[in-house]
Amino acid sequence: MTRDDLVGEEFTDRYTEAVEQMLDAKREHREPTRAPAEPTEAGRVVDLMVALQESVRKAQAARGEDSRDAGVHEMPESNPKKTTAA
């Protein structure tokens with residue numbers, strides 16, 4: 001794919017246009033025009049721990065579990081390792 005393939009209304013190379021305008025301004029010994037500041041939307045901050053806890057609660061509810069039922073279970077004893085005779 002070349003730059004010629006990307007010509008059209010749907011694709012514009014704003015970076016190259018801005019660089020050309022800046023170079024023209026420097027050649028003419030004037031201050032380059034500044035682009036208007038685009039309003040930015042405030043980003044949404046997500047608390048990852050709250051999201052994880054909510055996800056766990058939903059998964060438990062889907063399985064029919066109650067988060068209060070969680071507890072510690074004893075592990076079965078494993079066979080003691082055999083030692084070799086010296």
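Me: Which residue meets the side chain of Asp24 in a salt bridge, and how is such a contact to be read?

Reply: Side chains of opposite charge can pair when their charged atoms come close. The criterion for a salt bridge is a side-chain nitrogen of Lys or Arg within 4 Å of a carboxyl oxygen of Asp or Glu. Here the partner of Asp24 is Arg27, at 2.8 Å from N to O. The model is a predicted one, in which local features need pLDDT of at least 70 and side-chain atom pairs count only at pLDDT 80 or more, whereas totals for chains, interfaces and linings use all residues. Residues are numbered from 1 along each chain as its sequence is written, and side-chain values use heavy atoms, with hydrogens and water left out.

Me: Where do Asp24 and Arg27 lie in the secondary structure?

Reply: Helices are DSSP runs of H or I with at least four residues, strands are runs of E with at least two, and both are numbered from the N terminus. The chain has 2 helices and 0 strands. Asp24 and Arg27 both belong to helix H1 (residues 14–27), where they are 3 residues apart, about one turn of the helix.

Me: How many salt bridges does the rule give, and which residue pairs with Lys58?

Reply: The count comes to 3 salt bridges. Lys58 pairs with Glu54, at 3.3 Å from N to O. Lys58 and Glu54 are 4 residues apart in helix H2 (residues 48–63), so about one helical turn separates them. A further salt bridge joins Arg30 to Glu28, with the closest N and O atoms 2.7 Å apart.

Me: Are the residues of these pairs buried or exposed?

Reply: Relative accessible area under 20% means buried, over 50% exposed, and in between partly exposed (1.4 Å probe, protein chains only). Asp24 is partly exposed at 31%, while Arg27 is exposed at 59%. Arg30, at 39%, is partly exposed, and Glu28, at 52%, is exposed. Lys58 is exposed at 55%, and Glu54 is partly exposed at 37%. For the chain, buried residues make up 2% of the 86 residues.

Me: What is the accessible surface of the chain, and which residues form a nonpolar patch on it?

Reply: Accessible areas come from the Shrake-Rupley method with a 1.4 Å probe, and for residues only the protein chains shown count as cover. The chain has about 9500 Å² of accessible surface, 53% of which belongs to carbon and sulfur atoms. Patches are built from residues with over 30% relative accessible area and no salt bridge; like charges are joined within 9 Å and nonpolar side chains (Val, Leu, Ile, Met, Phe, Trp, Tyr) within 5 Å. Met49, Leu52 and Val56 form such a nonpolar patch, with about 280 Å² of accessible area together. Val56 is found in helix H2 and is partly exposed at 40%.

Me: Which residue has a positive phi although it is not a glycine?

Reply: Most residues other than glycine have a negative phi, and most peptide bonds are trans. In this model His29 has a positive phi of about 55°. His29 is found in the loop between H1 and H2, and it is exposed, with a relative accessible area of 75%.
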